[in-house]
Amino acid sequence: MSMLEVEGLSKEFGGVHAIEDLSFRVEEGHIHSIIGPNGAGKTTLFNLITGIYTPSAGQVRFDGRPIGGVAPSRLAAWGLSRTFQNLQVFFNMSAIENVMVGAHLHVDRRFWPSLLRLPGSVRRDRACRRQCADLMEFVGLGPYVRAEASSMPYGALKRLEIARALAAQPKLLLLDEPAAGLNATESREIDQVIKKVAAQGITVILVEHDMKMVMGISDHILALDYGRKLAEGNPAQVRANPEVVAAYLGAQC
Amino acid sequence: MAKLMNARSGGLALLALVMAVSPLGFTNAYYYDVAVGALFNAMICVGLNLLIGYGGQISLGHGAFFALGAYASAIGTSRWGLPPLAALGGGAVLVGLLAFVLARPILRLKGHYLAMATLGIGMIIYIVLKTEAQWTGGPDGMGVDPLALGGFVLATDRHWYWLAAMLLLVVVWLALNLVESPVGRALRAGHGAQIGAEVVGVDTSHYKVLMFVVSAVVASMVGSLFAHKNGFITPDIAGFHRSIELVTMVVLGGMASIYGSVLGAVLLTLLPQVLAGFDDYEAMIFGAIMMGTMIFLPKGLLPSLITQIRKRAGGRS
Amino acid sequence: MAELLQYLFAGLTSGAIYALAGLGFAIIYNASHVINFAQGEFIMIGGMTTATLAAAGVPVPLAALAAMAVTMLVGVALEKFAIEPARDSDVVTIIIITIGASIFLRGAAQVVWDKEFHALAPFSGETPIRVLGATLMPQSLWVVGVAMAMIAGLWWFFNRTLFGKAMLATSFNRLAAQLMGIGVKKVLLVSFALSAALGAVGGIVVTPIAFTNYEAGIMLGLKGFSAAVLGGLGNGMGAVVGGLIVGIAEALGAGYVSSAYKDAIAFVIILVVLFFMPNGLFGKKGVDRV
């Protein structure tokens, strides 16, 4: 069974098809990239998979369970987590608190122990803080462990979202343009982070414009154009596909 | 200084110290009376700030929850002969239930729509309290017996002051606990980026509802205490002005700042006393101070103050 | 039948005033996304100024014009000195500023005038008109007529004049409007002047019916806010419809249910509408973009 099965998925906004009759599968443990020009429907697809949008037609199954109509917060409990192209950082909190929110499902979040600051819940919270600091190290945010989110640069915030998503201990992680706005060195660091994540057995779906990153780390690539599937396969196959080259890569090479 | 403000134990100790020392300047019972009012408001505002400042949900109706608590105690003790604590607890439970039932549909609303809905609920409760005279005494209000705990009767404003001071410490401590806990983080996250919180498993509306109930229950309990202390209540305590006053204290003191709420509540309770000498000009000056503070210190008094102190400290080092 | 008609007359009269107040909220909201809680005070200042000048022997039309000018001046000053400097602040911060402004204006009115009620003679006498067994005061016709004229005038302004269209454009997309050379600051200033003028007119026509004092604006302001929210914030026609619904519901509620609960009925209706239509009757649906 595939980790994620997308079948005949469509989404329209006022008559415009953002995603049209799209089907594909994501295998467990793979790094699966989705590429396509701006407006190809990549972010819409992410929003459909993570329950933020409801599909106009078709369905998405995660671990065999249909996700239609399931709230994003429930999907997170199923093991689905993501980052955002346009950041969804909690700017009213410190960096490490952002990551700790990611661990929400795995901490003691009962009301009364929290209110009364019971020793057990305080101890568990301290442990959570340590783990989150480690996660920040893991994505290369060591210097920001004591920072406020509002004082961090853009590239660091992108990684902060990755750390937050990892804190949720997902089975499937969706990364929406993690390298956008990063310089070449930072992008290679993100490469490494994603590889390490996948090595831990977390399935990754990646939307990215940085072709070097996509070609370098993906097991499987899906190319979209105008909400439809253009091509699918391993990096070599997709790179060789004339339609992909015409629609997208051609502009870059 | 700034460190002391932030550290929980330091802040609590400072608050306790200020409240312990203040009475040295109280030359007569009137001072105690005003001070108790300030402490009561501070407790409500700390609760309300959890909803407004940390949760990002405005309420223009919390005066009504305060009033319901007051009337629950008044009616419970004088009409039904309940012990004061039972009436206080019963009122809190009822208000909590009411808030819970209302919260789901209301908190789906955003911004000004939420302001309107909470305002409407407050107004409806106010009108009910004013109209159902057989229960509430109508616009003329009703008397309430003094608070008797066991055999001890809180007879003087001095007694009330020490009780209110202790309770405020407890409320502040609980609020700080909550804010720094997973519950508080989930609440703040929902305010900071709702979808970002949802995708890591935070049921944001659950936490908004929870804080709506918590803040309403705090207001209700303080309302009960107020009824006993004042000895007399009228429906005006449920009015629009009361609700606005509470929100103003929270915003003026500093949103998402527990100690800011204490500061805002104390200052705005004292201000009319200070301005009383200006007679006809009182309202004008009060309004001008409100506007001026929010224009020049949009983050509120305490957060702006702390930023200033940090800047000074940073400049020196 | 006559009874129902009687209530409807009363409801339409107060509904027209609420509609004007609601339009005041809508215009400012459109230009700035600010809810101006001092809108009721515009109504009060308009009424008070006219009543005072008329009492001093100034002909009513002249007094009314002067009152409009005074109120517009107040509105512009409010925008210039209180809203403009706080443009980038939180919604809640600006709400508190406008509430501060309303307290300030009430306090000022109490200093300039007093705490007494002020009256203004009805414009066309007090001989009731009988319609199908119900009575209608001539002043009610003035209220409804003037409100209709104002609404028509506003419609013309926002749909037919260049500046009116520019103001609407600003409400849809501030940046685009700016790029097209529309002065956002000027739009803001004009929106406050317009809202103040609307408020003043409402205050002038309603004073012969309801009297006025320094606190008269509180309830009218709240009703105007209710009307604007009920109709859907920023929707002018919505505010008018919302105002009429609130006015008529109140009058029917007072007549058939209980006069004590008349205000509560209006709020219950608003809550019910918001439960099912979180953006009001004609409001735009907000879409969260991620």
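Reader: What makes the sheet in chain A antiparallel, and what is the order of its 4 strands?

Author: This is a predicted model, and in it the open sheet runs S2-S1-S4-S5 in chain A, with antiparallel pairing. Take strand S1 (4-13) and strand S4 (57-62) of chain A: they pair in the antiparallel sense over 5 bridges. One residue to look at is A:Ser10, whose bridge partner in S4(A) is A:Ala57.

Reader: How do you know that S1(A) and S4(A) pair?

Author: Pairing takes at least two bridges. S1(A) and S4(A) have 5 bridges, so they count as paired.

Reader: Why are S2 and S5 of chain A called edge strands?

Author: Strand S2 (16-26) and strand S5 (65-66) of chain A each pair on one side only.

Reader: Why are H1 and H8 of chain C called roughly antiparallel?

Author: Helix H1 (2-32) and helix H8 (184-210) of chain C pack at about 175 degrees, with axes 9 Å apart. Angles over 145 count as roughly antiparallel, so that's the label H1(C) and H8(C) get.

Reader: What kinds of residues make up that contact of H1(C) with H8(C)?

Author: There are 14 nonpolar, 6 polar and no charged. Among them, H1(C) brings C:Ile17, C:Leu20 and C:Gly24, while H8(C) brings residues including C:Phe192, C:Leu198 and C:Gly202.

Reader: And which helix of chain B gives the largest share of the side that touches chain C?

Author: H6(B), with 11 residues. In total, 36 residues of chain B are in contact with 41 of chain C. The chain B side divides into 26 nonpolar, 6 polar and 4 charged.

Note on methods
Residues are numbered from 1 along each chain as its sequence is written. Chains are lettered from A and ligands numbered from 1 in the order in which they are written. This is a predicted model: local features need pLDDT of at least 70, side-chain atom pairs count only at pLDDT 80 or more; totals for chains, interfaces and linings use all residues. Axes are lines fitted to C-alpha atoms, for helices over the stretch in contact, and angles run from 0 to 180 degrees between N-to-C directions. Helices (H or I, at least four residues) and strands (E, at least two) are DSSP runs, numbered from the N terminus. Angles under 35 degrees count as roughly parallel, over 145 as roughly antiparallel, 65 to 115 as roughly perpendicular and the rest as oblique. Two residues are in contact if their C-beta atoms, placed from the backbone, lie within 7 Å. Ala, Val, Leu, Ile, Met, Phe, Trp, Tyr, Cys and Pro count as nonpolar, Asp, Glu, Lys and Arg as charged, and the others, Gly among them, as polar.
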